[in-house]
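Visitor: I would like to learn how to read a few backbone and sheet features. Please take them one at a time.

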Protein chains: 2
Amino acid sequence: MASPEIEALTQALSRLPGLGPRSARRAVLHLLKKRETALDPLLSALDAVSRGLSTCGACGNVDTSDPCAVCADPRRDARSLCVVEEVADLWALDRSRLFPGKFHVLGGRLSALEGVRPEDLRIDSLVRRVAAGGIDEVVLAMNATLDGQTTAHYLAERLESYPIRLTQLAHGLPVGGELDYLDEGTLAQALRARRPVA
Amino acid sequence: MASPEIEALTQALSRLPGLGPRSARRAVLHLLKKRETALDPLLSALDAVSRGLSTCGACGNVDTSDPCAVCADPRRDARSLCVVEEVADLWALDRSRLFPGKFHVLGGRLSALEGVRPEDLRIDSLVRRVAAGGIDEVVLAMNATLDGQTTAHYLAERLESYPIRLTQLAHGLPVGGELDYLDEGTLAQALRARRPVA
């Protein structure tokens with residue numbers, strides 16, 4: 001058996017999503033063999049992140065700075081705000097570089113099943129941001145799930161009294177989607193939201 | 001974009017075998033969200049390993065102690081020695097708990113193509129271990145590859161003058177192997193090494 005330290009490292013790695021016990025062991029072996037190029041960089045990177053780790057007071061993003069890199073970016077249009085469920089969603093939209101505005105992370109979705117109520121999410125701070133003014137458009141970018149849409153509905157009600165344009169992501173055929181492989185829900189959405197051919 | 005620290009961490013993780021850019025990002029998000037249960041344990045485990053990391057002077061295993069946990073284990077039979085190509089092979093055999101003796105890691109295999117010569121491997125130290133005496137059997141556990149078998153042949157020549165039993169892993173049908181799916185090489189081995197039915 002390997003030493004307790006190495007076992008502990010294998011354990012810690014195997015708990016990461018996408019890594020099982022086997023791949024964790026392979027990763028550990030890689031780290032042990034490539035000390036300078038793999039282990040030390042990972043160690044210092046983890047250390048740096050661990051030191052600076054904080055949740056952005058403005059948008060709820062996790063980053064090593066508060067306000068986070070996105071909120072601090074002066075090139076971003078503060079007049080449009082995109083509301084997402086999770087930090088992962090923010091990162092995905094940010095990577096796509098399609099949305100020039102700022103973000104607001106709810107930290108989850110309303111769920112009767114899981115007992116997630118409005119006060120459990122970062123909703124009041126969203127309303128405060130909108131109430132503070134200076135925002136023209138709020139894009140509700142919830143997941144196209146039941147809970148996600150319930151959350152979008154609830155947010156729409158909470159925000160309807162403010163002078164903003166309230167929009168949500170379009171639902172329909174995914175790019176490359178083939179009709180006979182799509183679920184009925186998606187087809188219904190695509191049909192309901194059909195548009196005149198330009 | 002995320003902060004440089006987080007980018008660096010994603011980079012470092014994506015270089016691990018079994019993790020690509022996408023899964024590395026998922027892992028980072030997991031680490032950021034689960035600070036106490038994921039990030040800190042991984043950090044301290046890496047740190048502990050990094051501090052103690054060393055190559056075992058006796059067998060060439062990588063561990064956080066020298067001699068390594070395997071060599072230091074008094075329950076292991078020092079009279080039989082299993083020679084493997086890589087640390088990964090040692091770990092695999094050790095996990096199987098099938099070999100009660102000690103190990104010797106060559107650190108690779110002889111390869112004309114990759115220009116790996118005997119002096120590039122931990123072969124002299126192996127010969128010294130055998131020459132020192134106290135070893136009854138040396139098991140050559142090279143991979144069943146051309147280079148692996150070339151290495152086994154070379155080791156056999158280097159060790160033939162010593163009063164030891166020199167053995168190598170059996171080659172043949174893998175457990176669950178079906179004849180019509182096996183390559184000719186394996187079939188040839190299985191046929192050549194056929195044994196009387198007990």
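Guide: Start with exposure: a residue is buried under 20% relative accessible area, exposed over 50%, and partly exposed in between, using a 1.4 Å probe and protein chains only. This is a predicted model, in which local features need pLDDT of at least 70, side-chain atom pairs count only at pLDDT 80 or more, and totals for chains, interfaces and linings use all residues. Residues are numbered from 1 along each chain as its sequence is written, chains are lettered from A and ligands numbered from 1 in the order in which they are written, and side-chain values use heavy atoms, with hydrogens and water left out.

Visitor: Is A:Arg97 buried or exposed?

Guide: A:Arg97 is exposed, at a relative accessible area of 71%. Its phi is positive, about 55 degrees, although the residue is not a glycine.

Visitor: Where is A:Arg97 found?

Guide: Elements first: helices (H or I, at least four residues) and strands (E, at least two) are DSSP runs, numbered from the N terminus. A:Arg97 sits in the loop between α5 (87-96) and β4 (101-105) of chain A. In chain B, B:Arg97 has a positive phi of about 55 degrees, lies in the loop between α5 (87-96) and β4 (101-105), and counts as exposed at 71% relative accessibility.

Visitor: Which residues does a cis peptide bond join in chain A?

Guide: The bond joins A:Asp66 and A:Pro67, with omega about 5 degrees. A:Pro67 belongs to the loop between β2 (62-63) and α4 (69-72) of chain A. In chain B, a cis peptide bond with omega of about 5 degrees links B:Asp66 and B:Pro67.

Visitor: How do I read a sheet?

Guide: Strands of a sheet pair through backbone hydrogen bonds, either parallel or antiparallel. Here two strands pair if DSSP finds at least two bridges between them. Chain A has an open sheet of four strands in the order β4-β3-β5-β6, with parallel pairing.

Visitor: Which strands of chain A stand at the edges?

Guide: β4 and β6 (165-168) of chain A do; each has a single partner strand, so one side of each lacks a neighbour in the sheet. From one strand to the next, the twist averages 25 degrees. Axes are lines fitted to C-alpha atoms, for helices over the stretch in contact (heavy atoms within 4.5 Å), and angles run from 0 to 180 degrees between N-to-C directions.

Visitor: Which helix packs on the sheet?

Guide: Helix α6 (residues 124-131) of chain A does, touching β3, β4 and β5 of chain A, and its direction makes about 150 degrees with that of β4(A).
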